[in-house]
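Me: I have a model open and want to learn how to read it. Can we go through it feature by feature?

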Amino acid sequence: MNPFTILIVDDERTLARSIKLFLADHGYEAEVAENGERALELLERLRPDLVFLDMNLPGISGIDLLKRIKEYDRNIAVIIMTAYGSIEGAVEAVKLGAFDYMKKPVDLEELKLLADRALETSRLKQELSYYRQREVRGLPIKGIIGKCEAIREIIARVQQIASLEETPPILVTGETGTGKGLVARTIHSQSRRASRPFIEINCTALPATLMEAELFGYERGAFTDAKESKMGLFEAAEGGFLFLDEVGDIELPLQGKLLRAIEEQTVRRIGGLRDRRVDVRIVAATHRDLEREVKGERFRKDLYYRLAVITIDLPPLRERGEDILLLANHYIDKFNAKYGKVVRGASDEAARNLLEYPWPGNVRELSHVIERAILWSQGERLDIEQLSLATSPHAKPADARGVPSAVQGLIPPEGIDLAERERSLIAQALQQTGGNESEAAKLLGIGRGALRHRVKKLGLRP
Ligand SMILES: Nc1ncnc2c1ncn2[C@@H]1O[C@H](COP(=O)(O)OP(=O)(O)OP(=O)(O)O)[C@@H](O)[C@H]1O
Ligand SMILES: [Mg+2]
């Protein structure tokens with residue numbers, strides 16, 4: 001099935017009917033209006049995406065009707081049908097915003113080609129406006145970097161998912177900066193849908209009503225500001241991927257509608273009367289523990305189960321061992337190029353420092369640290385001063401207990417996960433002391449008994 005609806009305006013009934021049947025054979029829903037008045041009525045009821053308009057109509061003229069349609073909603077594409085000899089009128093029509101014109105007698109194959117082209121063009125136009133709104137990204141993505149077991153498994157899984165023609169939604173989880181967005185984009189770029197759109201929306205950014213309009217679109221007149229119809233992101237992502245970033249932040253009332261759209265692969269624009277089929281694959285990401293959100297009744301259970309059939313859980317950077325250095329070198333190359341520097345790598349001490357630091361902001365934080373260090377670098381080696389990470393015994397500790405400043409800083413507006421922080425600090429202390437509980441407890445400023453208790457509670461290995 002095709003998501004588009006076409007209106008044919010022609011007083012020659014036999015011709016109009018044969019066009020309608022021909023289009024129906026090609027999966028288009030089409031309706032006929034035999035005059036201008038009827039066409040205006042159907043405009044309201046049908047909300048067509050495309051109108052085939054005969055120039056010689058009884059009553060309201062073709063040109064007037066074209067103007068009315070364009071006033072009504074300039075996103076509706078109009079193709080003029082004109083009798084041989086009245087090309088001038090057709091040229092004027094194109095100036096007034098008609099997409100194209102075709103001569104009568106109508107050649108049905110030509111008509112179909114024109115319809116496909118008009119609809120594709122208007123889809124692309126609207127899709128493009130979404131692309132323009134998106135922030136311009138920095139350097140191109142090189143793919144997922146990492147050789148540790150966990151990342152290797154993730155890369156394999158991403159490839160596997162990308163090679164499938166159809167999959168249920170994919171849920172990517174992990175702390176901030178672990179590469180959730182990168183994974184989503186890589187799945188798209190490796191898939192057969194790579195040349196189709198990848199549309200992303202950050203669900204934190206918008207209140208529920210605006211979010212609904214963004215996702216599902218609206219028809220003209222759906223609300224006071226809706227002067228013309230607009231397709232939603234689901235429609236804009238047709239044939240490609242829709243990336244719902246921070247899906248855990250979607251407000252409850254909208255979660256039901258989202259679930260319906262995903263399950264039924266259809267959307268209904270706000271103020272719209274009909275469902276439109278969409279062929280869109282969904283990737284969602286969240287830094288939240290969605291199971292906990294479900295228990296707290298902040299996230300719908302059914303939506304969670306729908307999204308979490310395939311999950312990819314990104315480990316925090318501090319658990320990726322030598323990958324930290326691999327990534328550091330990647331960023332050294334990148335920022336050398338950007339700032340015209342010649343750094344070859346990190347000194348031994350700096351490398352140790354990079355490995356020991358707990359990276360609460362994960363890969364994103366690492367990239368910022370390296371960028372700053374490269375900016376300040378003088379020679380070929382990055383040393384520990386340039387990194388200015390707080391955990392090294394050589395660097396100035398952020399406080400007496402050596403808690404890194406990034407952990408101490410302001411709590412970000414999206415909030416933190418205290419249990420997760422506790423867990424990662426304990427894991428870090430144990431890692432730093434090679435699993436020595438007394439030493440680790442000392443680092444954390446608690447007794448050994450207290451540490452053991454927490455290790456057990458949080459299910460960490462000593
Ligand atoms: N394994 C990796 N290899 C290369 N680059 C990476 C890797 N992981 C993350 N990055 C890069 O780090 C930056 C942060 O990653 P990304 O934005 O995907 O994280 P995120 O998990 O979506 O974070 P947030 O939860 O804050 O949105 C991006 O520039 C991304 O390209
Ligand atoms: Mg992200």
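**Reading the model**

Reply: Start with the shell around ligand 1: by class it holds six nonpolar, nine polar and two charged residues. Keep in mind that this is a predicted model.

Me: Which residues come nearest to ligand 1?

Reply: The shell counts 17 residues, and Ile145, Gly179, Lys180, Gly181 and Val363 come nearest. Then look at which elements supply the shell. Helix H7 (180-190) and helix H15 (362-376) are the ones that give two or more residues.

Me: Which domains give at least three residues each to that shell?

Reply: Domain 2 (149-313) and domain 3 (316-399) each do.

Me: How is the chain divided into domains?

Reply: Domain 1 covers 5-133, domain 2 covers 149-313, domain 3 covers 316-399 and domain 4 covers 410-462.

Me: How do I read a contact between two domains? Take domain 1 and domain 2.

Reply: Begin with the distance, then go to the residues. The centres of domain 1 and domain 2, taken over C-alpha atoms, are separated by 33 Å. Nine residues of domain 1 and 12 residues of domain 2 make the contact. On the domain 1 side, helix H5 (residues 108-133) provides the largest share, four residues. By class, that side has two nonpolar, two polar and five charged residues.

Me: Now helix packing. What angle do helix H2 and helix H3 make?

Reply: Read the angle and the axis distance together. Helix H2 (residues 36-46) packs on helix H3 (residues 62-72) at about 10°, and their axes are 11 Å apart. Angles under 35 degrees count as roughly parallel, so H2 and H3 are roughly parallel to each other.

Me: Which residues meet there?

Reply: H2 brings Gly36, Ala39, Leu40 and Leu43, while H3 brings Leu65, Arg68, Ile69 and Tyr72. The contact of H2 with H3 divides into six nonpolar residues, one polar and one charged.

Me: What about H18 and H19: at what angle do their axes cross?

Reply: Helix H18 (residues 418-432) and helix H19 (residues 437-444) cross at roughly 130°, and their axes come within 8 Å. That angle makes H18 oblique to H19. The crossing of H18 and H19 is right-handed. From H18, the residues are Leu425, Ile426, Ala429, Leu430 and Gln432; they meet Ala440, Leu443 and Leu444 in H19. By class, the contact of H18 with H19 has seven nonpolar residues, one polar and no charged.

Me: Is the crossing of H13 and H14 left-handed or right-handed?

Reply: The crossing of H13 and H14 is right-handed. Helix H13 (residues 323-339) and H14 pack at about 115°, with axes 9 Å apart. Ile324, Leu325 and Ala328 of H13 make the contact with Ala351, Leu354 and Leu355 of H14. By class, the contact of H13 with H14 has six nonpolar residues, no polar and no charged.

Conventions
Residues are numbered from 1 along each chain as its sequence is written. Chains are lettered from A and ligands numbered from 1 in the order in which they are written. This is a predicted model: local features need pLDDT of at least 70, side-chain atom pairs count only at pLDDT 80 or more; totals for chains, interfaces and linings use all residues. A residue is near a molecule or strand if its C-beta atom, placed from the backbone, lies within 6 Å of it. Ala, Val, Leu, Ile, Met, Phe, Trp, Tyr, Cys and Pro count as nonpolar, Asp, Glu, Lys and Arg as charged, and the others, Gly among them, as polar. Domain bounds come from an automatic or database domain assignment. Axes are lines fitted to C-alpha atoms, for helices over the stretch in contact, and angles run from 0 to 180 degrees between N-to-C directions. Angles under 35 degrees count as roughly parallel, over 145 as roughly antiparallel, 65 to 115 as roughly perpendicular and the rest as oblique. A crossing is left-handed if the near helix is turned anticlockwise from the far one by less than a right angle, and right-handed if clockwise. Two residues are in contact if their C-beta atoms, placed from the backbone, lie within 7 Å.
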